[in-house]
Structures are given as structure tokens and as C-alpha cells.
Amino acid sequence: RAVTTILRIAGPEHGAAIGRLVDVSSSGLLDGIDWADLGGQWVVALINDEVAGCAQLLPGRPFGRAENLCVDAGLSAGARGRVARLLINYSIGLLRMAGCQAIVGMVSADNEGFARALSRRGFSVIGECRTMYKGVA
């Protein structure tokens, strides 16, 4: 049976699920963040109306940013790969339509799967950096 994955701009109803996906990636540093107001900058992949993956898109010129690409680790390997590919391609299309000339983003050093998926779509490593965090609310 085919599984349908729907891609869309995230609404406030998706905030809690996005928060859980992103928090898994940040080791609890984001405790206390209010995920209710996403600012229209997040996209989600939905399977059976459940958030299976997300990405934060920040259009800019000349560079757009694609960040926080997360996929539900509870999905099968095939579903994780499909959701990641769909989110990456969707993100590229949306940022291209927004007028971005290039896309930059960070991939965790321990996430070789996403790095490979991005490399297959023409992304190149341009440097290594530290991701810094400070709550300001």
C-alpha cells in the first residue's frame, strides 16, 4: 500500500511536533521554547496527518538558509529517506522561488545520512563551524 507524504508550510498545530523533532537534535537545550508561533518559516512533511519531518527555511538574498532539517527517527529507513529527499527538494524549490541565489545551512557532524543526501543534490561543504545558542526570551 502506497504511503502519501504531504508537504506544506507548518501551522501552529504543528509546533509541538516540530519542537519534539528539533529538541531530539539539540539534546534538551531547547527546553522552554514556545513552539506555538513558527513565523511562517517552517515546512513539514505529513504522513497520515502526523509530522514526519520538518525544516526551517529562511529566505534571503543572496543567501537563503535551510536549517533544522529533522526526520522522525521512528520511521522505517525507507520512509526516513523518502521524507528527507522530499523536504530537501521542497526546500530548494521554495528558496529558489523566493529569489535566493544560493542556499547555506549546517549539518551536524554526526549526521552523515543528511550530508550524503545533500551532496547528491549538489551541496558542497564550504567550512566547519560551531552552532552557538543563546535564549533571549
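Residues are numbered from 1 along each chain as its sequence is written. Because the model is predicted, local features need pLDDT of at least 70 and side-chain atom pairs count only at pLDDT 80 or more, while totals for chains, interfaces and linings use all residues, and side-chain values rest on heavy atoms, with hydrogens and water left out.

Helices (H or I, at least four residues) and strands (E, at least two) are DSSP runs, numbered from the N terminus. In strand β2, 6 of the 6 residues are buried, so β2 is largely enclosed by the rest of the structure; buried means under 20% relative accessible area, exposed over 50%, and partly exposed in between, with a 1.4 Å probe and protein chains only. In a regular strand the side chains alternate between the two faces of the sheet. Here W42, V44 and L46 point one way from β2, whereas V43, A45 and I47 point the other way.

Two strands pair if DSSP finds at least two bridges between them. β2 runs antiparallel to β1, joined by 5 bridges, and antiparallel to β3, joined by 6 bridges. A45 stands opposite L7 on the one side and has G53 of β3 as its bridge partner. The hairpin formed by β2 and β3 has 2 residues between the strands, and N48 in the turn takes a positive phi of about 55 degrees.

| Residue | Relative accessible area |
|---|---|
| T5 | 17% |
| W35 | 18% |
| W42 | 5% |

T5 lies in strand β1 and touches A45, L46, I47, R82, V83 and L86, not counting residues up to four places away in sequence, where contact means heavy atoms within 4.5 Å. The structure holds 1 aromatic pair. W35 and W42 form this edge-to-face pair, at 5.9 Å centre to centre and with 75 degrees between the planes. Rings of Phe, Tyr and Trp (its six-membered ring) pair if their centres lie within 6.5 Å, and planes under 30 degrees apart count as stacked, over 60 as edge-to-face and the rest as tilted.

**Helix α2**

Helix α2 (residues 77-97) has 21 residues and reaches 30 Å from its first C-alpha to its last, close to the 30 Å expected at 1.5 Å a residue; the expected span is 1.5 Å times one less than the number of residues. Its buried residues are A79, V83, A84, L87, I88, S91, I92 and L95, and they pack against β1 (5-9), β2 (42-47), β3 (50-58), β4 (63-71), β5 (102-104) and α3 (112-120). Just after α2, G99 has a positive phi of about 95 degrees.
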